[in-house]
Amino acid sequence: MKSILLYIVLFFSVFAHAQDSLDELLKVFNNENIPYISVTELNEIHNNIILLDAREKDEFEVSHIPKAKFAGYNHFKIEEVIQQNIHKSDTIVVYCSLGIRSEDISEKLKEAGYTHVYNLYGGIFEWKNNDFPVINSKGQQTDKVHTCSKQWAKWLLKGEKVYTN
């Protein structure tokens, strides 16, 4: 009984510690099959890439990175990407809140034959934390960022946190 209790305590302490840094959090949730791109690198090449937002529609409408196209997560369809005439050799950067859902969508793009796919490290939270602009559904710059939940909101250090639940 003591050893089971010890394993439970050890598991939760390791899991809690794994969320002390973004690196550790992403290692817990991601396979790292898709290369990361930093927000600084994205800002430098922003005009020369296809930017896909892998969050849900309500998150995207609160704010998104300028020039981003909505891709979604729960209802993502590779056919919709293909219909946008995105070439298999185009550079595509996928992002979400932190970089977890975007890895899943990036993997689907790779499986479909897209060859230059990157996952934005830290997602829109890291983008906003570095003072890069986000825009709302009307195309106006805003400080609001949808944070999904209070648990994930701790990673957004700048801007106004918006929740739906």
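Predicted model: local features only at pLDDT ≥ 70, side-chain atom pairs only at ≥ 80, totals over all residues.
Residues are numbered from 1 along each chain as its sequence is written, and side-chain values use heavy atoms, with hydrogens and water left out.

**Strands around E4**

Asp53 belongs to strand E2 (residues 50–53), which pairs with E4 in the parallel sense over four bridges. Here, two strands pair if DSSP finds at least two bridges between them. E4 also pairs with strand E5 (residues 116–120), again in the parallel sense and over four bridges. In that pairing, Thr91 has His116 of E5 as its bridge partner. To get from E4 to E5, the chain passes through helix H6 (residues 101–111), and this β-α-β crossover is right-handed. In other words, with the strands pointing away from the viewer, the path from the first strand over the helix to the second runs clockwise.

How enclosed is E4? Four of the five residues of this strand (residues 91–95) are buried, so E4 is largely enclosed by the rest of the structure. Buried means under 20% relative accessible area, exposed means over 50%, and partly exposed is in between (1.4 Å probe, protein chains only).

**The whole protein**

Zooming out, the protein has eight helices and nine strands. These are DSSP runs numbered from the N terminus: helices are H or I with at least four residues, strands are E with at least two. Of the 165 residues, 44% are buried. The accessible surface comes to about 9200 Å², and carbon and sulfur atoms own 53% of that; the areas come from the Shrake-Rupley method with a 1.4 Å probe, and for residues only the protein chains shown count as cover. If you take contacts (heavy atoms within 4.5 Å) between residues at least 6 apart in sequence, 64% join residues at least 24 apart.

**Salt bridges**

The structure holds four salt bridges, each being a side-chain nitrogen of Lys or Arg within 4 Å of a carboxyl oxygen of Asp or Glu. Here are some of them:

| Pair | N to O distance |
|---|---|
| Glu59 and Arg101 | 2.9 Å |
| Lys128 and Asp143 | 2.8 Å |
| Lys158 and Asp131 | 2.9 Å |

Glu59 sits in helix H4 (residues 57–62) and Arg101 in helix H6, so this pair links parts of the chain 42 residues apart. Glu59 is buried at 3% relative accessible area, and Arg101 is buried too, at 17%. Next comes the Lys128 and Asp143 salt bridge. Lys128 lies in helix H7 (residues 123–129) and Asp143 in the loop between strand E7 (141–142) and strand E8 (144–146), so the pair ties together parts that are 15 residues apart in sequence. Lys128 counts as buried at 8% relative accessibility, whereas Asp143 is partly exposed at 47%.

**Cysteines**

How many disulfides are there? The count comes to zero, taking a disulfide as a pair of cysteine sulfur atoms within 2.5 Å. The sulfur of Cys148 has its closest cysteine sulfur in Cys96, 8.1 Å away, which is too far for a bond. Cys96 itself is buried, at 2% relative accessibility.
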